[in-house]
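User: I would like to learn how to read a structure step by step. Please take one feature at a time.

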Amino acid sequence: MQVREAGLYCAPADAYIDPITDAVPRAIITHGHADHARAGHGHVWATPETIAIMKTRYYLTEETGETELTYGQRHDLGNGVTLWFASAGHILGSAQAVLEYQGKRVVAAGDFKRHPDPTCAPFEVVPCDVFITEATFALPVFQHPPLEVEVDKLMRSMAALPDRTHIVGVYALGKCQRVMKTLRLAGYEHPFYIHGALKRLTELYESYGQDFGDWELVSEIPRKDKHVFQGKIVLCPPAQINDRWSRRFEGPLPTVASGWMQIRARARQKRAEMALVVSDHADWGDLIRTCKETGAQDVWITHGRVEALEYALKKEGINAKGLNLIGMDEEVGE
Amino acid sequence: MKAFSQLLDDLYFTNSTLAKETILANYLRATADPDRGWALAAIAGTLSFDLFKRNLIKTLMMERMDPFLFDLSRHYVGEMSETVALAWPQSPDPVRLNRLPDLHEVIAEFQSRSKPEIRDYLITLLDNMAPAQRWALLKLGTRGLRIGMSARTVKKTLANMAGVEVGVIEELWHGLEPPYETLFAWIDGEAEMPDISKVLTYSPVMLAHPIDEEKDLDRLSPKTHQAEWKWDGIRVQLAAMNGEVKVFSRTGDDVSHSFPDLAAAVNFEAVLDGELLVKPEGEIGSFNELQQRLGKKKPSKKLMTDFPAHLMAYDILSLNNQSLRGETLTARREILAKFIQTQNSPRFSISKTLDWTSVEDLRALREEAAESGGLIEGLMIKDTSSTYVSGRPKHMWYKWKRDPFLLDAVLMYAQRGTGKRSSYYSDYTFGLWGPDGTLLPIGKAYFGFTDEELKLLDKWIRNHKLKRFGPVQEVEKELVFEIAFDSAQTSSRHKSGYALRFPRIHRIRWDKPAGEADRIEAVAALVGK
């Protein structure tokens, strides 16, 4: 394995993992977020769900070759390298890329989380020699609360302020669907009103058997019917919560659902009036626990708070080193 | 404590001032004494004691958490209290409380305990709290609460609750103390308005508007307006009644203890508004010299001899318990002049009025101020018919500051900000070229730019990193700031030999080559030293 300009590179298989700065001939893609998947590669290996997401986002064209591998399905990459995917628990179809070569096993985990998520398969621990991890929330201040606690906060706020419209900023892929599903499980019965940017991926999730109950596009409700939204939940991309778009609602209450919301100043920077700590990444405790559970002697850290994780793992006697991959934007991937 | 923490969160996350007022009013109505009074004090910043020291929090964390990881976390979060609130590691065998104590119980406990007991109590509370509650406790205990609610907004809330003008609350405010039970009894309609006439208090001062050169200059005439120097000292209110003397800062803080020499010279009953200055060897000293006297709990005899405190009086608010606030400025000034003359003391003088007949004269005087070596900040121009009104009434008093000095300096180091700017690089150290061709740091600035510019600067810094020294990030010496500042003092503490007063970023010179930034000699040339 090497670190090249375009990203993490497996030399014997001549393939990159999540190359992001450049299009490459052979790419293994762990999941569909924009800081891991992009357009223009020659051939792509990914899970069927990730392939579907990439198609929805126009990352795959006629010219792109594709190989779909379900979780656990072994595949010969040539030159003695075997690839298979294990679930990462991050979003629908998200996977850890497991590479086996000459009796050694390397696991590139991509982005992952350990907290339960009703919209994707749970994280699977794969014992390995080298574990390649992210470090998005790798500081002891990041201890993510259970999602139910945060959703309950939202439900209580809606009960206390029935005249307001709670506008929840969520990323279109993964976060949106996870929040909707959890709200349903918490007993929220009204239709969701969603921004157009969230539609296609929500439909894609539905095609994989997810049920979010009724939802409607905000754009299909006449402008004069402001009252329809009162006391209800509107979902939109984070940038829209304080944008002109949100002025069409009665008493908008800007809410952001993100792992960064744990830090209050971050919430204020986004002008959120309600901060829900909802993360699709492992928190500090889970990162360290996971690295230990894989039994890997070497841990490589791709992006995020690299310094802290490297330091803490070394203290545990693990050979940790930061790769400092560029292009993995800490805010986008979430 | 639970309700208090909830209140702080609600206020913190609410954007509109009006909504904040409603939230606070609802809490004050729904909460019993004395909890509501303590909460009010915490928010208004009137608590007079710490429950525990910041250092104790730090010590506890250092015992429980890896110091390196704690530092990384603190720099990332941008603030200690929140870092501790989030990362607090539970004690291995924590004492479990059946319920969280009320706010007043927490305060009473801390106040009655000895040092080691304070430590144990703090640990127990932190072990039993959720992160938001820990944050509230740490902020309360160290009096560091900032939730975007000004003292003025708090008073407006109280005024609305009581159904009176905010001025009524302003005048009561400094005569009352936490937990404000008499105040709430009055607001609830269960008692008369608290009587503070026997208490020697600060009464809010009258403030000036910066002059708008386009609109306001035409309003001025020597028949209706007087001009004075705006001295660069500390604006104070000196109040004396029944043999008691107090010196208050502009914000109402009692700073008497720092100026016993001035207080000892008082043998009258009056309230004076003026500028606190020092007069080493009978001449008005620089702000630098005055600074030696600030914040000293017990100034030494030598310090008081070297830098004797002096009050340059601008105004008189009352004399022999007779309020003069309703008199015109002309009338007050006559009384003040006579009063200062009778005192005949080197400790007191009157701010002289300046001769002028046209706006051109005022402009010339303002230029003169720029050559005072920093002693004079500019001009005060006051409507002579104005009565003494607290706050900042429009078109009564104007201040016309001299232009700031400007220098082109090079960005050297950056540090992440706190609060709203946490995790952005928003504190900048910049320098000027020294004689040997290296940069000498001359100051630090953290404002003067827009939010948009902050994002651009943050990005620039991330892409131009050099070494790191703890929280301080060294950057490539390529970016030039035009720095504005009010004055410069020679300083032995700075490598460059100068300290700038009130430096801020005037412009970011994205295109200017660093080699063309100013040299250190430029400071001396600018400020005439």
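Predicted model: local features only at pLDDT ≥ 70, side-chain atom pairs only at ≥ 80, totals over all residues.

User: Where do I start with chain A: how many helices and strands does chain A have?

Analyst: Begin with an inventory of the elements. Chain A has seven helices and 19 strands. Then look at the extent: the C-alpha trace of chain A spans about 65 × 50 × 30 Å along its principal axes.

User: What does the radius of gyration of chain A agree with?

Analyst: The idea is to set the value beside the one for a compact globule with that number of residues. For 334 residues the globule would have a radius of gyration near 20 Å, and chain A has 20 Å, so the two agree.

User: What comes out for chain B?

Analyst: A compact globule of 529 residues would have a radius of gyration near 24 Å; chain B has 26 Å, which agrees. The C-alpha trace of chain B spans about 75 × 70 × 50 Å along its principal axes. Its elements are 19 helices and 20 strands.

User: Now a sheet. In which order do the six strands of the open sheet in chain A stand?

Analyst: Strands of a sheet pair through backbone hydrogen bonds, and the pairing is parallel or antiparallel. In chain A, the order of the six strands is S1-S2-S3-S4-S5-S6, and the pairing is mixed. Neighbouring strands of this sheet are turned by 30° against each other on average, direction ignored.

User: Why is one side of S1 and of S6 of chain A left without a neighbour in the sheet?

Analyst: Strand S1 (2–4) and strand S6 (65–68) of chain A are at the edges and have a single partner strand each, so one side of each has no neighbour in the sheet.

User: How do I follow the pairing from strand S3 of chain A to strand S4 of chain A?

Analyst: Look for the bridges. Strand S3 (residues 15–17) of chain A pairs with strand S4 (residues 26–28) of chain A in the parallel sense, over two bridges. Ile17(A) has Ile28(A) in S4(A) as its bridge partner.

Going on, S4(A) pairs with strand S5 (residues 43–46) of chain A, in the parallel sense over three bridges. Here Ile28(A) stands opposite Trp45(A) in S5(A). S5(A) and S6(A) run parallel and are joined by four bridges, and the bridge partner of Trp45(A) in S6(A) is Thr67(A).

User: Through which helix does the chain cross from S5(A) to S6(A)?

Analyst: Trace the chain between the two strands. From S5(A) the chain passes through helix H1 (residues 48–56) of chain A to S6(A). This β-α-β crossover is right-handed.

User: Into which domains is chain B divided?

Analyst: Domain 1 covers 209–401 and domain 2 covers 405–527. The C-alpha centres of these two domains of chain B lie 34 Å apart. To read the contact between them, count residues on each side: six residues of domain 1 of chain B touch five residues of domain 2 of chain B. By class, the domain 1 side has one nonpolar, four polar and one charged residues.

User: How many residues does the contact take from chain B and from chain A?

Analyst: The contact takes 20 residues from chain B and 20 residues from chain A. Next, find the elements involved. On the side of chain B, helix H1 (2–13), helix H5 (67–77) and helix H6 (80–87) of chain B give two or more residues. H5(B) supplies the largest share, six residues. Finally, sort by class: this side of chain B has ten nonpolar, eight polar and two charged residues.

How values were computed
Residues numbered from 1 in each chain as written. Chains lettered and ligands numbered in written order. Domains from an automatic or database assignment. Contact = placed C-beta atoms within 7 Å. Nonpolar A, V, L, I, M, F, W, Y, C, P; charged D, E, K, R; others polar. Pairing = 2+ DSSP bridges. Axes fitted to C-alpha atoms, helices over the stretch in contact; angles between N-to-C directions. Right-handed = clockwise from strand over helix to strand, strands pointing away. Rg over C-alpha atoms; globule rule 2.2 N^0.38 Å.
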